[in-house]
Amino acid sequence: MRLLLNGNEAAAHAARLARVEVLASYPITPAAPVMEKITQFIAEGTMRCNFVRVESDHSAMAAALGATMAGARSFLITNSQGLAYMSEVLYHTSGLRQPVVMAVVNRALAAPHSRFPEHGDVVAQETSGWIQIFCENNQEVLDSIIQAFRLGEDEQVRLPVMVNYEGYIQSHTRETVDMPEQEKIDAFLPLVRRPVLDVDNPLAVNTVTGPELYMDYKYHQDAALQRAGTLLGEISEAYGAVTGRNWGGAVTGYRLEDAEVVLVTMGSLVSTARIAVDALRAAGEKAGLLKIRLFRPFPAEAVREMLKPARAVVALDKNIVYGAGGALGRELRAALYGFTNVPVYSYILGLGGRDVGVEDLTAIYRQVNEGLAAGKFPALYQWYGL
């Protein structure tokens, strides 16, 4: 069945299809419509889910963590300041290895106050130990949330997952979304309870841990996060076998076969970049695109392999790590360092909802080509569109 859905509606349908049992939520713009849609499903009787109303995003994260530890499949939504307010419990959730899934409807962080999209809110949580997936359209939002539950709940991983899509560009824009049958999702994502808490057998969790054990905990947590990168590819293939859609795991290439200059980005900008690459190819340019779907763990090995033939790499970041540049540009430099001398051109653009079109990306491409022809070494990063 094909429906016309915005990103928030796609996220709500994904939670319904995944048979989420607990939704803990505090309203925040532009994520709140996901909560409204799920409560509509509950009222209509098409979804059996306990809706926990809380007084803050911090409490929402704590409620979702507690529900998951009791064995329930839990889901929540937030963005920007709400995600920042959750920060303390984000680390508890990943450290306790609880597979909560959260939709993050990316929005700029204050100050100044903004209600418009960029990736700064989720990049600020890159060290929280959560798996971070980015979506380029509303179909990928629905499919990724379903896959996120299977990925996070896998015994080899047991970690929480953030699924990212951008405010308004995706959250409030309708696209055609193919809705998989419930029976197929039930077979793909069976509910297996692994409670940590038992009222009949009380025990303590998250107790004080000394130097003789803390580092070992962190080693196993990091190893589990790394396994998620490989496993996402297998899960994407399994999902493709069920639905006919395979998003390609952690990273995918477009027209890379002989590409000399490769645009690299994530989120909604991927679709724009794909059109830009087609336009450049039609003009005789050897342009290509690398789509980063999984930001944490960063798929460094796959990125290195796919960028081998390139003469230049262009990182397009909708975020700013103050004093260091874009997060994607920084990751690409770290992944390629010591393996190749290919220059990485890093651009900061589209912050706070500033529009980025095909013409902007083709202009950046031509700037990079001019820099290559002149033999210029790229700056650490540069701002575009000021």
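R296 and E126 form a salt bridge, their closest N and O atoms lying 2.8 Å apart. The term salt bridge stands for a side-chain nitrogen of Lys or Arg within 4 Å of a carboxyl oxygen of Asp or Glu. R296 belongs to strand β12 and E126 to the loop between α6 and β6, so the pair ties together parts that are 170 residues apart in sequence. Helices (H or I, at least four residues) and strands (E, at least two) are DSSP runs, numbered from the N terminus. By the salt-bridge rule the count comes to 22. Side chains of opposite charge can pair when their charged atoms come close.

The model is predicted, and local features need pLDDT of at least 70, side-chain atom pairs count only at pLDDT 80 or more, while totals for chains, interfaces and linings use all residues. Residues are numbered from 1 along each chain as its sequence is written, and side-chain values use heavy atoms, with hydrogens and water left out.

The protein is divided into domain 1 (2-243) and domain 2 (251-383), with bounds that come from an automatic or database domain assignment. Taken over C-alpha atoms, the centres of domain 1 and domain 2 are 28 Å apart. Domain 1 brings 28 residues to the contact and domain 2 brings 23 residues, where contact means heavy atoms within 4.5 Å. About 2100 Å² is buried between domain 1 and domain 2, and carbon and sulfur atoms give 52% of this area. Buried area is the accessible area (1.4 Å probe) that two parts lose on being put together, summed over both. On the side of domain 1, E126, F134 and E136 lose the most area to domain 2, together 31% of what that side buries.

Between domain 1 and domain 2 there are seven salt bridges. K291 and E136 also form a salt bridge, with the closest N and O atoms 2.9 Å apart. The elements α6 (120-123), β6 (131-134), α7 (138-153) and α9 (211-243) each supply at least two residues of the side of domain 1 that touches domain 2. Of these, α9 gives the largest share, six residues. This side of domain 1 divides into 13 nonpolar, ten polar and five charged residues. Here Ala, Val, Leu, Ile, Met, Phe, Trp, Tyr, Cys and Pro count as nonpolar, Asp, Glu, Lys and Arg as charged, and the others, Gly among them, as polar.

Helix α7 also takes part in an aromatic pair. F75 and F149 are tilted, 6.3 Å centre to centre and with 45 degrees between the planes. F75 lies in strand β4 (residues 74-78) and F149 in helix α7, so the pair ties together parts that are 74 residues apart in sequence. Rings of Phe, Tyr and Trp (its six-membered ring) pair if their centres lie within 6.5 Å; planes under 30 degrees apart count as stacked, over 60 as edge-to-face and the rest as tilted.

Some backbone details remain. Most residues other than glycine have a negative phi, and most peptide bonds are trans. The bond from R296 to P297 is cis, with omega near 0 degrees, and P297 is in the loop between β12 (294-296) and α11 (300-306). A cis peptide bond also joins A111 and P112, with omega about -5 degrees. N206 has a positive phi, near 60 degrees.
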